[in-house]
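Here is a short briefing on the fold and packing of one chain. Please read it alongside the sequence and the model.

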Amino acid sequence: MTLDAARVAYLLDPVKLVSEVGYPAPAVRERLEEESNMTLTRISCEQVQDGGLSVFTVLCVPGGFAPHLSTRLGESGAAAIRRWVHEGGGFVGVCAGAFLGCFLDLIPVTVRDLDHMGASPSPCLVRFTATGQQLLGASADAAVTRYANGPVFAMPESNVELSLVSSSNRQNNAAPDAQVHTLAVYASSCRPAAVEMEGSPAIVAGMHGRGLVILVSPHLEDGADERTRSPFRNLFRLAHAAGGTYRVDHQTACYV
């Protein structure tokens, strides 16, 4: 059966939402709603705590300040996200959202170099790996996007990249939670020379139970052209499709 369009929950920074004019920037909504058939619906931390994710297929956490979200979510909200992803929900975290994904231990990556946060946003180059090119329809050429102090990822030492969304793993309910896949790397650096940013992962992905988690350090949605915009949309299609084997469609009451 063909999967329906992704139903994306949009979890915003609750502090910036009331204190910062112009937040959130329109790029995420432009990429997902105006350029595809996905629906993007704002959800609050309180709604997450109350089980509001159940009607969605993907959770998008965009830029902001991760501690604002983690504080407002509390342990009950964090547990609700973990449980929902484990049961097949997709998680796409961008910049602060990627930090939140790390804080929630959705996949086994850590963050390094927290000492050089707070720099002004700047253009950066990303290059998609062979896996990213295959899964996201991305070009092999370096593409320009925006960096705004997103996480510099540290991969698990024993990481072995196998199939990201293996049908045998899904059928056996044995998702490879220990595997983290690099979908793109930085092709330039926005940190001091002592920090090895160029060549480090810019986009990583892995399974958490039955759900796919994608953490995006730069603002891929703000890229100058389709070399980043199309892969950004495809991140959500991938996260949506990965859990489709297990999700129950609430309208037809059958598995999709």
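The accessible surface of the chain comes to about 11,000 Å², by the Shrake-Rupley method with a 1.4 Å probe, where for residues only the protein chains shown count as cover. Carbon and sulfur atoms own 52% of that surface. The model is predicted: local features need pLDDT of at least 70, side-chain atom pairs count only at pLDDT 80 or more, and totals for chains, interfaces and linings use all residues. Residues are numbered from 1 along each chain as its sequence is written, and side-chain values use heavy atoms, with hydrogens and water left out.

**Overall make-up**
- The chain has 8 helices and 13 strands, taken as DSSP runs (helices H or I, at least four residues; strands E, at least two) and numbered from the N terminus.
- Of its 256 residues, 51% are buried (under 20% relative accessible area, with exposed over 50% and partly exposed in between; 1.4 Å probe, protein chains only).
- Among contacts (heavy atoms within 4.5 Å) with a separation of 6 or more, 71% join residues 24 or more positions apart.

- An open, mixed sheet holds 9 strands in the order 2-1-3-4-11-10-9-6-7; two strands pair if DSSP finds at least two bridges between them.
- Strand 2 (39-43) and strand 7 (143-147) are the edges, each with a single partner strand, so one side of each lacks a neighbour in the sheet.
- The twist averages 25° from one strand to the next (axes are lines fitted to C-alpha atoms, for helices over the stretch in contact; angles run from 0 to 180 degrees between N-to-C directions).
- Strand 1 (residues 7-11) runs parallel to strand 3 (residues 58-61), joined by 3 bridges.
- Tyr10 stands opposite Cys60 in strand 3.

**Nonpolar cores**
- The largest nonpolar core has 40 residues (buried Ala, Val, Leu, Ile, Met, Phe, Trp, Tyr and Cys joined through side-chain atoms within 4.5 Å).
- Helix 8 (residues 226-242) gives this core its largest share, 6 residues.
- A second, separate core of 29 residues includes Ala9, Cys45, Ile81 and Val109.
- Leu235 is one of the members of the largest core that touch the most others; residues it touches include Val92, Leu136 and Ile203.

**Helices on the sheet**
- Helix 8 runs at about 155° to strand 11.
- Helix 5 (residues 96-103) lies across strand 3, strand 4 (90-94) and strand 11 (211-216), at about 125° to strand 4.
- Helix 5 is mostly covered, with 7 of its 8 residues buried, including Phe99 and Leu100.
- Just after helix 5, Asp105 takes a positive phi of about 55°.

Technical notes:
Lists of a residue's contacts leave out its neighbours within four places in sequence.
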